[in-house]
Amino acid sequence: MQPVDLTTLRAVCAELRSRWLPARLEQVYQRDRATIALALRTLKGRDWLTLSWHPQAARVCIDEAPPRTPDTFTFSDQLRHQLQGLALTAMPLLSPWERVIDFQFASRPGDSPLWHLYAEIMGKYSNVILTDAKGQIITAAHQVSPEKSSLRPIQTGQLYDPPPSLTGSIPDRAESQASWQERVSLIPRQLKRQLLESYRGLGPNLVTAMIQRANLDQRSSAGKGSSSELGSDACEPRSVVSRWSTDDPQQTTDTLHQKDWDRLFQVWQEWLEIIETENFQPGWTDKGFTVLGWGMIEPVSSAQVLLKEYYNEQLNQQTFQQLHQQLLQKLSSLIKKQQQKAETFQERLQQSDQAERDRERGDLLMAYSYQWQPGLSEMKLPDFETGELVTIPLNPEKNAVQNAQGYYKRHGKLKRARQAVEPLLQETTQEIDYLQQVQAAIEQLEGYHKPEDLQILKEIQEELIEQTYIKPQRERPHAAEAQPIVYHTPSGYEVLVGRNNRQNDHLTFRTAVDYDLWFHSQEIPGSHVLLRLPPGGVAEEKDLQFVADVAAYHSRARESQQVPVVYTKPKHVYKPKGAKPGMALYDHETILWGHPQAVASE
């Protein structure tokens, strides 16, 4: 994930100062364990300022309004108690070359600040700290005990101590190229590392962008001195492999020619000019984002929008991958346990199959008890129906009647066991079918492409919580429900595909009307598919085949060449009493062969 460096932070601050100073703080809401939102109002309007100390996504930007759910975090409650209703009067950087913003709050514009809210945007060391006018820490998003850090503990009641300053020199436009070049080339090692350690205010992404803008990166000049001059071509984007791809220039300071140093210094001066004049140009690059306009492939209206979209997408993708893996692992474990239970029940049923044999043995012993002799360990008696000799094991210490009673007793026990086990096996089988249905829905979400994909996973998680398969977490914000996948048949009829069991039930038992047709892969976990037809409409054979292909594609048999698919009227689909979400029975069905590869190839 691309971090917010000093240049980006200064671009954000420049936009915030021009639009949101002064502003009234109307509300404080903590979105999650690493993000708070401040509702700011000016004469021009109201919006939410996000402050995040997330270790990979620390940022400051205007963002969407938070959900309307209770905020139960202590940190936001303390901020709300001290700051709500006050005026945000200033937001200077604590130092021009450090990533710490000092949000100052007073009773009204022009008054001395009563409170300072320090937003330290420093990667994994990020934090948000509230102090009073004297610098005493009132609360902190992340408190650090002396045991964890003897260099800079952060605890309530202590005086605020700014982060230690970096050791590099402060960039200055007045510095000559000779002095700058001498400092950077002092040690013959990787150019990127030498720049980062020589000056403050630089980050890995910025230095890489500088090197590429000077045409010094290996992709354009192979690390040797290039004779091309810096011009408009330096701003052109390179081939896009992935929006968030990364390349790390490896050239060293001792491989550069003087023309290379000239171009790099020109880029250095260009960067300092943008910083000084605040003439930022936010936009997307082939590696992430920029506020300098370098390598930009798509401009963005503001740095606020840039950070909001980038980090929302990155965090959604991260959450999706984690949740996707967690749910699949949980379902795999649950299915394995249920299958083990089913195997145990089946073994007990197999044992109970011997019940009739035990009864027959008892009958034979009773019929031929007169042949018994003391000390016998077995008797060979003719079967009542076939006449074949049947070997019956005996307890030598008991007579024939007592042995027969033992067989009758075991017959009764096994028969009662079957009556108890059969419903348990049926219940376990239904449980496995349900879990495999959920598993198939998750497996069809192969990756994160849009916010709706994450919402689908969250709905599945909520369903599993409701069904008590996983433990409930802290109350989560309610989001708008995701929508089914939509296709259109060759004749233009709409086809709806459920993406989880909640949607499956909604499509089948709420959305469907008598004119529609309901499709599902036969005895294979998959989505419920609904073909929407107008009153009196009749689907042609090509439409039915198309929907059968779609139902086959959205099933566990997606990789097969052909899949049996049933379709029927919605009125012939019903849910048994007590059945789990997504489970349904049907009758009056017609079978078609669906071809999932026909959908995959479109």
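Proline 22 sits in the loop that runs between helix 1 (6-20) and strand 1 (23-32); helices (H or I, at least four residues) and strands (E, at least two) are taken as DSSP runs and numbered from the N terminus. The model is a predicted one, so local features need pLDDT of at least 70 and side-chain atom pairs count only at pLDDT 80 or more, while totals for chains, interfaces and linings use all residues. Residue numbers start from 1 along each chain as its sequence is written, and side-chain values rest on heavy atoms, with hydrogens and water left out.

Threonine 468 is not a glycine, yet has a positive phi of about 65°. This threonine lies in the loop between helix 11 (451-466) and strand 15 (485-488), and at 66% relative accessibility threonine 468 counts as exposed (exposed is over 50% relative accessible area, buried under 20% and partly exposed in between, with a 1.4 Å probe and protein chains only). Glutamate 523 also has a positive phi, about 55°, without being a glycine. Its place is the loop between strand 17 (517-521) and strand 18 (529-531), and glutamate 523 is exposed too, with a relative accessible area of 76%.

Turning to the helices, helix 9 (residues 355-367) has 13 residues and spans 19 Å from first C-alpha to last, close to the 18 Å expected at 1.5 Å a residue; the expected span is 1.5 Å times one less than the number of residues. Its buried residues are Ala355, Asp358, Arg361, Gly362, Leu364 and Leu365. Methionine 366, also in helix 9, is instead partly exposed, at 39% relative accessible area.

Patches are built from residues with over 30% relative accessible area and no salt bridge, joining like charges within 9 Å and nonpolar side chains (Val, Leu, Ile, Met, Phe, Trp, Tyr) within 5 Å. The accessible areas come from the Shrake-Rupley method with a 1.4 Å probe, and for residues only the protein chains shown count as cover. A positive surface patch is made up of Lys398, Lys409, Lys413 and Arg416. Here Lys and Arg count as positive and Asp and Glu as negative, with His and the chain ends not counted; each charge is placed at NZ of Lys, CZ of Arg, CG of Asp or CD of Glu. Within this patch, lysine 409 belongs to helix 10 (residues 400-443) and is exposed, with a relative accessible area of 67%.

Helix 8 (residues 303-352) holds glutamine 346, which is partly exposed at 40% relative accessibility. Glutamine 346 and glutamine 190 are 156 residues apart in sequence, and 67 Å separates them in space, C-alpha to C-alpha.

Salt bridges come next. Side chains of opposite charge can pair when their charged atoms come close. With a salt bridge taken as a side-chain nitrogen of Lys or Arg within 4 Å of a carboxyl oxygen of Asp or Glu, the count comes to 26. One of them pairs arginine 46 with glutamate 26 (2.6 Å, N to O). Arginine 46 is in strand 3 (residues 45-52) and glutamate 26 in strand 1, so this pair ties together parts 20 residues apart in sequence. Both ends are partly exposed: arginine 46 at 35% relative accessible area and glutamate 26 at 29%.

A local pairing is found in helix 4 (residues 191-198), where glutamate 197 and arginine 193 lie four residues apart, about one turn of the helix. Their side chains meet in a salt bridge of 3.2 Å, N to O. An α-helix has 3.6 residues a turn, so residues three or four places apart point the same way. Glutamate 197 is partly exposed at 44% relative accessibility, and arginine 193 is partly exposed at 43%.

Arginine 502 and glutamate 462 also form a salt bridge (3.3 Å, N to O). This pair links distant parts of the chain, 40 residues apart, with arginine 502 in helix 12 (residues 501-511) and glutamate 462 in helix 11. Arginine 502 is partly exposed at 25% relative accessibility, as is glutamate 462 at 22%. Finally, Lys450, Glu452, Asp453 and Arg499 are joined in a salt-bridge network.
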